[in-house]
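Please read the following report with the sequence and the 3D structure open beside it.

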Amino acid sequence: MGCLCLQTWSPTPDFQTKADPVPGARETLPWPAVPGTSPACFRAHLPDGERALESPSPPGQGHEDRVLPVLCPRGWLRLSCPDEAHAGSLAMTSEASSGSRCARNGMLRRRAREEDSAVLIDMAPGAEKGDSYGSTANTLEPGGHQAATCRVGSPAKPRIADFVLVWEEDLKPGQQQDHTTRDKTDAHGAWRETFLDNLRAAGLHVDQRDVWDEDSAVHYVLLSAPWALLCYYAEDLRLKLPLQELPNQASDWSASLLERLGLPNILLEDMPDVPPEYYSCQFKMSKLSRFLGSDNQDTFFSSTKRHQILFEILAKTPYGHEKKGLFGIDQLLSEGVFSAAFPLHDGPFTTPPEGPRAPGLNCRQVLFRHWASWRKWHKYQPLDHVCRYFGEKVALYFAWLGFYTGWLLPAAVVGTLVFLVGCSMVFSDTPTQELCGSTDSFEMCPLCLDCPFWLLSSACALVQAGRLFDHGGTVFFSLFMALWAVLLLEYWKRKSATLAYRWGCSDYEDLEERPRPQFAASAPMTAVNPITGEDEPYFPKRSRLRRVLASSVVVVMMVAVVVMFLVSIILYRAIMAILVSRSDKTLLAAWASRIASLTGSMVNLVFILILSKIYVALAHILTRWEMHRTQTKFEDAFTLKVFIFQFVNFYSSPIYIAFFKGRFVGYPGSYHTLFGVRHEECAAGGCLIELAQELLVIMVGKQIINNVQEVLVPKLKGWWQKFRLRSKKRKAGASTAAGQVPWEADYELLPCEGLFDEYLEMVLQFGFITIFVAACPLAPLFALLNNWVEIRLDARKFVCAYRRPVAERAQDIGIWFHILAGITHLAVISNAFLLAFSSDFLPRAYYQWSRARDLRGFVNFTLARAPPAFAAAHNRTCRYRAFRDDNGHYSQTYWNLLAIRLAFVIVFEHVVFSIGRILDLLVPDIPESVEIKVKREYYLAKQALAENEVSPPPAPTLHLPSSIGGGAPTRCSASAHDGVNSGRV
């Protein structure tokens, strides 16, 4: 559906309908081919004696050309009917110039009310007297004649609107507006009116409700689609609908394990109204009777399917010149023409007063009681219910979050045990006891130019704290976490494939996904899709590549900005350490390096949060400019940009501490400087304890800030929205205690902000617990505790605080999986270098092998003496941590240890990658049971859509929207072999 064009039709004798049609006769009129659908027409059956189309006046008898609003698909101008010669007289023309562009607004507005009264589908008698939201009862056409009607399946009952548009109007008397503001208000009003007129012409039922007070007004536009339009777009969007019902066989691996062991499963809960599984295939109108539940219009299309169809229409409907980007609800929302656009919730989430009787609960109430309740923190998530209500994309996010959280449990247990082992070794470790009992045996060199000499024994507490994380168990835990991450991703691929099949989206990206509306309007040309064989908007790959490269330059510049901030943090730490060390208080001077590091971590966190907001907005602009064809590709490109930036933003400081801090200091008398400031040294406890501190500050601090924001910010915003709207209602004289209509209640909720921030938070957390896990074995435990809260917090936001999002289809978690795989590989390399170069594990092992197995004298082994020139200049000698001789040159021990460290990195990486590869080969990506179901579904779909039937059942009669068919009820025939179906899914 491209644009709303106006077409002048002068009927020829060939197309004039006879005044008295022959009983049982079948007439055909052309139907426009629409992008994404077969070029064939819908089949229509005319009951005996029923007049399907009012006869136009014959030429020469006072007939004037009629202006018909036609929903004209840009780029697809073919007409397909048995009589191609006659089709030419009704061919629609595309937008060739501004004179014939979409929707000549003046003429369209004059006909708006008339077009809105066109009958779309016959309803049950008396329906028009009930609730009119979404009602399409019989009305009179402009000429006073009653429109012809048709029935498909059982009559649909009038229902409340599926989609709501809202805008607010300021009515303050006497308020003076400048010329610019007045012009903007007028332009917005014209755009809004044109957009709503085009929605009516597209076949939607548009009903407006207003709430007035003395100063302002809130306008609610209620939208619903008739059965004919739903069927048409279901085929156009390639929606998959059920063919055969199966019992729900969903199970969790932990449930299966506990069942085999005969243990009770406290995680399992009986859910009401469990959605069954289905064999399904893409919807074909000509095969309507083959689909399950097709005899009931009310329930055949689920609420999520209706929302997808309505949003597709809203996203493509123009309100001006499409080439100028004047189309779609997203653009209108960004311009402020509408305040909100959202589907309606199924009802309130609170339990009805008569008690929590499951059969009487709506889907939202079921989710609130069994999913979003804090009391259900230890229960499985009802993912099928989530998918049915919010769509596959939201359900896949919560499936991933629950799966990841479940796998964190063994990692947290092992990490806690490793930490407890470290606690037990603190007071029994020989080198630590030597250091703490050395008193004045080891006088250390100054940490800065004006700093005093200090005693190593004063750092006893820091060394003991470092021993909590730096011991032999850390090596085992690093190996364990590397294999844990590999297995996590392998089994998630199996879980994702199972869910994708169960929810009918396993081939969505390859076959079903359509071009983005913004891409379709801006693409300079069309080309044949090699998979579907259909003509689609196209943007040259070479041009997109140039744009992607230009965007990459901007990304690199932003990364450079982050590096500049990192350098400033390094300088801040060095300067702060110097200032604190000059303090007269001995305690502050001794902890100067730690104080500088802690405050630097906090400043770094502030920088991180500020830069994140700026870069996300920039990434949106760059990704739109790159012209990606589908929404999945668009989101993947945007995600990759933001993650690259966030990776550098969040991980640059830990990477610096882990791999660079203290490596290029020099030695007494020959220290290296940066901008005149001496390079930082690791504290007495080593860089590993500093890395653990940095991780806890950033990871845990970010989690606390995010959770506080997710709790307080929605409550404050929701309170303000409710206060603002209810105060307007009170001014208007309406009682808020009498209850609210659904659209007003939902407008008081907050707009859903999508899943990007939720995914980003979890993926960054995954990086912290894998890339730097050798420094902090407790990281998985903190992540587990956070995620237990996060699942229910996010669930409550979606069920209680957010307006219902448009249900989006998705095949998997997208590019996030590839990012997780990249982090897993990086984690293996990172932990290998951490253990080799930042931990004391290898120096201790070397000392035990070459010197003393009981590690006595290890502290003295790790300390070098200051060169004679430095000692003479200060009239005293001192020690510093390094493997150097008395002249400051690297000793033989340093080179031996370097060779051992590099060998350890190579062996560790190869062992982990080899085991990971073996696990990848042993664990199939798709379970065998799912492969069998996929083949079975393919077979059933082929049977259902087969064309070589002996006597195919007649398709039901459809009354098509006047905007599509040309202003009057349109019928056209399609033979059993007209190319609509090819027997393939």
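The sections below go from the whole chain to individual elements and residues.

## Overall make-up

This is a predicted model, and its protein chain is made up, in terms of secondary structure, of 32 helices and 18 strands. Of the 985 residues in the protein chain, 53% count as buried. When contacts between residues at least 6 apart in sequence are considered, 79% of them join residues that are at least 24 apart.

## Helices H20 and H21

Helix H20, which covers residues 592–625, and helix H21, which covers residues 631–659, have axes that come within 9 Å and cross at roughly 160°. Since angles over 145 degrees count as roughly antiparallel, this crossing makes H20 roughly antiparallel to H21. The crossing in which H20 passes H21 is right-handed.

On the H20 side, the residues that meet H21 include Asn604, Ile608, Leu611, Tyr615, Ala619 and Arg624, while the H21 residues they meet include Phe634, Phe638, Lys641, Phe645, Asn649 and Ser653. Sorted by class, the contact of H20 with H21 has 12 nonpolar, seven polar and two charged residues.

## Helices H5 and H8

Helix H5 (residues 227–236) packs with helix H8 (residues 303–316) at an angle of about 85°, and their axes are 10 Å apart. An angle of this kind falls in the range of 65 to 115 degrees, which makes H5 roughly perpendicular to H8.

From H5, the contact is made by Leu229, Leu230, Tyr233 and Ala234, and from H8 by Arg306, Ile309 and Ile313. The residues of this contact divide into six nonpolar and one charged, with no polar residue among them.

## The enclosed helix H11

Helix H11 spans residues 383–390, and it is largely enclosed by the rest of the structure because seven of its eight residues are buried. The buried residues in H11 are Leu383, Asp384, His385, Val386, Cys387, Tyr389 and Phe390.

These buried residues of H11 pack against H8, helix H10 (363–370), helix H12 (392–425), helix H15 (472–502) and H25. After H11 comes Gly391, whose phi is positive, near 100°.

## Asn786 in helix H25

Helix H25, one of the elements against which the buried residues of H11 pack, covers residues 779–801 and contains Asn786. With a relative accessibility of 5%, Asn786 counts as buried, the cut-off for this being under 20%.

Which residues is Asn786 in contact with, leaving aside its neighbours within four places in sequence? They are Gln703, Asn707, Glu761, Met762 and Gln765.

Strand E4 (residues 205–212) and strand E5 (residues 216–224) pair in the antiparallel sense, and the pairing extends over eight bridges. The two strands E4 and E5 form a hairpin, with three residues between them. Within this pairing, Val211 stands opposite Val218, which belongs to E5.

Strand E7, made up of residues 277–282, holds Ser280, and this serine is buried, with a relative accessible area of 7%. Not counting residues up to four places away in sequence, Ser280 touches Lys240, Leu241, Pro242, Leu243 and Glu937.

How values were computed: Residues numbered from 1 in each chain as written. Predicted model: local features only at pLDDT ≥ 70, side-chain atom pairs only at ≥ 80, totals over all residues. Heavy atoms only, no water. Axes fitted to C-alpha atoms, helices over the stretch in contact; angles between N-to-C directions. Helix = DSSP H or I, 4+ residues; strand = E, 2+ residues; numbered from the N terminus. Parallel < 35°, antiparallel > 145°, perpendicular 65-115°, else oblique. Left-handed = near helix turned anticlockwise from the far one by under 90°. Contact = heavy atoms within 4.5 Å. Nonpolar A, V, L, I, M, F, W, Y, C, P; charged D, E, K, R; others polar. Buried < 20%, exposed > 50% of the residue type's maximum accessible area, 1.4 Å probe, protein only. Pairing = 2+ DSSP bridges.
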